[in-house]
Amino acid sequence: MEHAIASSIKATTCGDCTACCTIFGIAELNKPQHVTCKHLRGSLCDIYEHRPKECAEYFCGWRQGFVTGTERRPDKWGVVFHRPADTPVPSLHVYELVEGRSQDKDVQWAIAKFRKRFPNYMVVYVAPGTIIETAQVTAVGPDFYLKKAP
């Protein structure tokens, strides 16, 4: 499986997509979640050659091949698939760039496909602007929905 992921990463490029430059917090840059990185200039990073390891080593689910097709690139699709390595339970985080986008038929089809491949993973849906540590959590079956705390 790791070979397939490496091949997918080599075969894809971020292009104009900068979804991860906004969604994720980067400790080394003191960048909070859901704030566009101050080093982003259009779709280019002005510290790209010297960017933090956390940025250099990150590949979204699309780059890893969990979803395919240029129409499913995060900025075009409206969601980012992310498998965090630091969670106690294996999980797929589905970050919405647009509220409710994760419930789209095509996104749900991709999640079902992911579940077949990784049956013991839980799915965590993250609404736009949600800070995971302070989120309002709702459990629905084996999944969790995270929204901004009121």
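Reply: Let's start with Cys45, which is partly exposed because its relative accessible area is 29%. The scale runs like this: under 20% is buried, over 50% is exposed and anything in between is partly exposed, using a 1.4 Å probe and protein chains only. This is a predicted model, so local features need pLDDT of at least 70 and side-chain atom pairs count only at pLDDT 80 or more, while totals for chains, interfaces and linings use all residues. Residues are numbered from 1 along each chain as its sequence is written, and side-chain values use heavy atoms, leaving out hydrogens and water.

The test here asks for two cysteine sulfur atoms within 2.5 Å, and the count comes to zero disulfides. For Cys17, the nearest cysteine sulfur belongs to Cys60 and is 6.4 Å away. Cys45 is in no disulfide either, with the sulfur of Cys37 nearest at 6.1 Å.

Now to helix α6, residues 105-117. Helices are DSSP runs of H or I with at least four residues, strands are runs of E with at least two, and both are numbered from the N terminus. The 13 residues of α6 should span 18 Å, and its end C-alpha atoms are 19 Å apart, which agrees; the expected span is 1.5 Å times one less than the number of residues.

Val107, Ala110, Ile111 and Phe114 are buried in α6. They lie on the same side of α6 because they cover an arc of only 100° around the axis, taken from the directions from the helix axis to the C-beta atoms. The face turned away from that buried side carries exposed Lys105 and Lys116. Cover for the buried residues includes α5 (74-77), β3 (79-82), β4 (91-96) and β5 (122-126), where contact means heavy atoms within 4.5 Å.

Phe114 also leads us to the rings. Rings of Phe, Tyr and Trp (its six-membered ring) pair if their centres lie within 6.5 Å; planes under 30 degrees apart are stacked, over 60 edge-to-face and the rest tilted. The whole structure has nine aromatic pairs. Phe114 and Phe118 form a tilted pair, 4.7 Å centre to centre with 35° between the planes. Phe114 and Tyr121 pair edge-to-face, at 5.5 Å and 85°. Ring pairs link Phe66, Phe114, Phe118 and Tyr121 into a cluster.
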